[in-house]
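Please look through the sequence and the model first, and then read the points below, which are grouped by topic.

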Amino acid sequence: SPSDPDLVERARAAKEKLGDKVFVLGHHYQRDEVIQFADVTGDSFKLARDAAARPQAEYIVFCGVHFMAESADILTGDDQKVVLPDLAAGCSMADMATAEQVAECWDVLTEAGIADQVVPVSYMNSSADIKAFTGKHGGTICTSSNAKRALDWAFEQGEKVLFLPDQHLGRNTAVRDMGMSLEDCVVYNPHKPNGGLTADELRAAKMILWRGHCSVHGRFSLDSVNDVRERIPGVNVLVHPECRHEVVAAADHVGSTEYIIRTLEAAPAGSKWAIGTELNLVRRLANRFASEGKEIVFLDKTVCFCSTMNRIDLPHLVWALESLAEGNLVNRIEVDRETEAFAKLALERMLALP
Ligand code: 13P
Ligand code: SF4
């Protein structure tokens with residue numbers, strides 16, 4: 001939908017007043033009306049690096065979700081303030097692993113006698129507490145762009161990986177990219193005693209997957225893939241690795257949002273694509289590439305936007321920018337020092353991956 005011209009003008013004016021003091025980051029899943037004001041756009045990996053590379057900006061306005069703003073705060077200097085235009089923009093996947101649950105899981109692994117062999121690898125889509133746990137126990141963070149490199153690194157440090165919180169990214173990377181079998185993976189369910197696993201099952205596993213998932217990507221199904229292949233003969237199916245294993249196994253290409261964009265940029269005119277990722281991005285790509293004769297459709301019309309990503313809309317962005325321009329620091333995301341120190345360790349291990 002076209003943005004309200006009055007709000008567009010107000011956002012522009014507030015941004016101009018702030019000048020170099022503000023830097024606006026926009027995740028690929030953000031609305032068009034917000035993306036138009038982003039100084040950079042990217043996936044969570046690129047944005048984490050971009051935030052750290054802007055020491056002169058006093059305010060980092062993060063158009064994305066809470067865990068991304070936390071990561072930006074961890075990676076930026078103490079005098080830089082990270083602002084999330086709507087504090088209700090969380091992530092249901094990140095919420096599926098709490099600090100208490102993960103501490104309890106570590107106790108279970110200790111009881112089974114395997115904790116010293118386990119290296120935690122946590123997806124960027126997790127709270128700062130989970131990142132700190134990861135850093136404290138010798139692990140690293142990963143994103144969908146570097147999950148294989150993170151797992152390669154982790155298996156050089158230990159024999160087993162505890163992968164948090166997205167079971168699908170963990171399983172897909174292990175099976176698709178690392179040659180493991182489905183039997184090498186077990187799922188730890190935080191809502192069951194001992195994660196629903198016996199000590200023998202834990203000892204036999206290579207990948208201990210946390211039972212979390214993305215409420216958007218988890219909704220694509222094998223039927224979505226089969227239906228689109230029937231509807232559009234010759235279609236290339238391209239999905240994000242947060243999709244379920246059977247969806248990824250049936251797809252032609254799998255990768256992070258940056259990978260999806262690069263693949264479509266390189267695609268020949270006349271090619272047809274069905275994309276399994278967030279709808280704001282798919283629509284933007286469909287519009288962008290239509291003039292080049294590339295046909296791009298959404299993998300399953302019954303799946304909708306990420307509702308928390310969509311909470312950042314133009315009215316919230318205008319409010320945040322105008323507040324900052326008037327000297328009111330609103331919606332600051334600030335991770336406490338101890339959490340930050342350990343979380344930073346884990347994030348820096350990721351940034352140092354080959
Ligand atoms: P990437 O930005 O790493 O592709 O992750 C997708 C996602 O779900 C972010 O919330
Ligand atoms: Fe979280 Fe999924 Fe939304 Fe990304 S798309 S913010 S993983 S719920």
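A residue is called buried if 20 or more other C-beta atoms lie within 10 Å of its own, exposed if 12 or fewer do, and partly exposed in between, with the C-beta atoms placed from the backbone. Asn 331 is buried because 20 other C-beta atoms lie within 10 Å. The model is predicted, so local features need pLDDT of at least 70 and side-chain atom pairs count only at pLDDT 80 or more, while totals for chains, interfaces and linings use all residues. Residues are numbered from 1 along each chain as its sequence is written, and chains are lettered from A and ligands numbered from 1 in the order in which they are written.

**Domains**

- The domain assignment, which is automatic or comes from a database, divides the protein chain into domain 1 (5–91 + 309–335), domain 2 (94–214) and domain 3 (217–298).
- The centres of domain 1 and domain 3, taken over C-alpha atoms, are separated by 28 Å.
- Nine residues from domain 1 and seven residues from domain 3 take part in the contact between these two domains, where two residues are in contact if their C-beta atoms, placed from the backbone, lie within 7 Å.
- On the side of domain 1 that touches domain 3 there are two nonpolar, three polar and four charged residues; in this scheme Ala, Val, Leu, Ile, Met, Phe, Trp, Tyr, Cys and Pro count as nonpolar, Asp, Glu, Lys and Arg as charged, and the others, Gly among them, as polar.

**Helices α3 and α4**

- Helices (H or I, at least four residues) and strands (E, at least two) are DSSP runs, numbered from the N terminus.
- Helix α4 (residues 66–75) is mostly covered, since 10 of its 10 residues are buried, and the elements that cover them include β1 (22–27), α3 (44–52), β3 (59–63), β4 (81–83), α6 (128–136) and α15 (337–351).
- The buried residues of α3 are Ser 44, Phe 45, Leu 47, Ala 48 and Ala 51, and they pack against β1, β2 (40–42), β3 and α4.
- Where the two helices meet, α3 contributes Ser 44, Leu 47, Ala 48, Ala 51 and Ala 52, while α4 contributes Met 68, Ser 71, Ala 72 and Leu 75.
- The residues of this contact of α3 with α4 comprise seven nonpolar, two polar and no charged.

**Surroundings of the ligands**

- Around ligand 1 are Asp 43, Ser 44, Phe 45, Asn 125, Thr 143, Ser 144, Cys 214, Glu 242, Ser 256 and Thr 257, a residue being near a molecule or strand if its C-beta atom, placed from the backbone, lies within 6 Å of it.
- By class, the shell around ligand 1 holds two nonpolar, six polar and two charged residues.
- Of the 13 residues around ligand 2, the nearest are Cys 91, Met 93, Cys 214, Val 216 and Cys 306, and the shell has eight nonpolar, four polar and one charged residues.

**Two buried residues**

- Ala 51, which lies in helix α3, is buried because 25 other C-beta atoms are within 10 Å.
- Leaving out residues up to four places away in sequence, Ala 51 touches Leu 25, Ile 60, Ala 72, Leu 75 and Thr 76.
- Ile 296 is found in strand β13 (residues 295–298) and is buried because 23 other C-beta atoms lie within 10 Å.
- With residues up to four places away in sequence again not counted, Ile 296 touches Leu 264, Trp 273, Ile 275, Val 282, Leu 285, Ala 286 and Phe 289.

**Backbone details**

- The peptide bond from Leu 164 to Pro 165 is cis, with omega near -20°, and Pro 165 has its place in the loop between β7 (160–164) and α8 (167–177).
- Asn 194, in the loop between β8 (185–188) and α9 (199–204), is not a glycine, yet has a positive phi of about 55°.
- Asn 194 counts as partly exposed because 18 C-beta neighbours lie inside 10 Å.
- Asn 331, in the loop between α14 (314–325) and α15, has a positive phi of about 50° although it is not a glycine.
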